[in-house]
Each structure stands twice: as C-alpha cells, then as structure tokens.
Amino acid sequence: MLNIRRIGFRLLLALVMLFGVHHTYADQAKVRVIVNDNVNINALSESRVRWIFSMRQTTWEDGSAIKVYVLHEQDPIHQHFCKNVLGMFPYQLERMWNKLAYSGLGEKPILVDDRQDMIDMVSQEPGAIGYVISGSLPSGMRELKISKEG
C-alpha cells in the first residue's frame, strides 16, 4: 500500500512539473504574427490566420500574392505557434500542406531555418507573412493584431 502511495505521489509531482513548465513557457513566449510593410492589413481573425497558414488563402484583399514562411515542424517556436495561434498540432498542418501539394491544388509554405531567417525573408519579400517569438522587429515589417473569435 505504501508503494502505491509513493508511485501516486511521484506521478502527481511529475504532472505538476510538466504542466507548470508548459504554462511558464506559454506565458513567456508570445508568438507574434508578422507581415511585410507593404501588406495593407493591421489585424486578422484567428480563422483568417489559420486559413492563410494552411495555404488555403493565397492572396491578400488587394490581389497580391501571400508568401507564407514557417519554421521546421520540430522547431519549438513552430509547435507553439501551431498549438496556441492556429489551434492545431504541427502534424495536422503538415498533412494539409501535403494534401494540397500532392494533389496539385496548392503549394507548401517556404521553410526557413531560424528566427533571423524568418525576419530577413518577411522584411524583404512583398506580401510575406510569418511568425516570431517576442523581440524587436526591424524596419520593413510589422506585427499583425490577431482578434479572438467567439
């Protein structure tokens, strides 16, 4: 009986530590959706962001092309972005991209290696959209406000 209590206590302690670390990371890591300065939008709804990053919306309202930049699926920032901004898991997003690309109905987004590459590409490419973790943004880009739904 004492052994079961000890195992239960260790399990409870592990769960508290797991959720405590995840919660702390989520509080510290604010994901910012960024766009090139030439994009004439200041805010998007969560569903529009999801639509754009799932490669289902390919043009802005003015008809210009959207260039979507993402980090690799294993990148912690990408995982955080998918779960907390898009409301899905990275593998679900990857499946959507693969389905579009392999069916010939769309393309996959452009992969970048790290935060600096993301900033460089979004600031230089007209119509570009991407995401970063908190930090200052150089000229040539700005943060989009994401409005909550429901």
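Student: Which class does Arg48 fall into: buried, exposed or partly exposed?

Tutor: Start with the cut-offs: buried means under 20% relative accessible area, exposed means over 50%, and partly exposed is in between (1.4 Å probe, protein chains only). Arg48 comes out at 25% relative accessibility, so the class is partly exposed.

Student: Before we go on, what is left out of the side-chain values?

Tutor: This is a predicted model, where local features need pLDDT of at least 70, side-chain atom pairs count only at pLDDT 80 or more, and totals for chains, interfaces and linings use all residues. Residues are numbered from 1 along each chain as its sequence is written, and side-chain values use heavy atoms, leaving out hydrogens and water.

Student: Back to Arg48, then. Which residue does the side chain of Arg48 meet in a salt bridge?

Tutor: A salt bridge here is a side-chain nitrogen of Lys or Arg within 4 Å of a carboxyl oxygen of Asp or Glu. Arg48 sits in helix H2, and its partner is 13 residues away, in the loop between H2 and S3. At 2.5 Å, N to O, Arg48 meets Glu61.

Student: How many residues apart are Glu143 and Arg32?

Tutor: Their side chains form another salt bridge, at 2.9 Å from N to O. Arg32 is buried, with 17% relative accessible area, while Glu143 is partly exposed at 38%. Glu143 belongs to strand S6 (residues 141-143) and Arg32 to strand S1 (residues 31-36), so to speak two distant parts of the chain, and the pair is 111 residues apart.

Student: How far does helix H4 reach from its first C-alpha to its last?

Tutor: The expected span of a helix is 1.5 Å times one less than its number of residues. H4 covers residues 90-103, which is 14 residues, and the expected span is 20 Å. The model is close to that, with a reach of 20 Å.

Student: Why do the buried residues of H4 line one face, and what arc do they fall within?

Tutor: An α-helix has 3.6 residues a turn, so residues three or four places apart point the same way. In H4 the buried ones are Pro90, Leu93, Trp97 and Leu100. The arc is taken over the directions from the helix axis to the C-beta atoms. Seen down the axis, the buried residues of H4 line one face because they fall within an arc of 100°.

Student: Which exposed residues are on the face of H4 turned away from its buried side?

Tutor: The buried residues are covered by parts including H2, strand S3 (67-71) and H3, where contact means heavy atoms within 4.5 Å. The face turned away carries Arg95, Lys99 and Tyr102.

Student: Which type of aromatic pair do Phe53 and Phe81 make?

Tutor: Rings of Phe, Tyr and Trp (its six-membered ring) pair if their centres lie within 6.5 Å; planes under 30 degrees apart are stacked, over 60 edge-to-face, and the rest tilted. Both Phe53 and Phe81 are buried. Their centres are 4.8 Å apart and their planes are at 65°, so the pair is edge-to-face.

Conventions:
Helix = DSSP H or I, 4+ residues; strand = E, 2+ residues; numbered from the N terminus.
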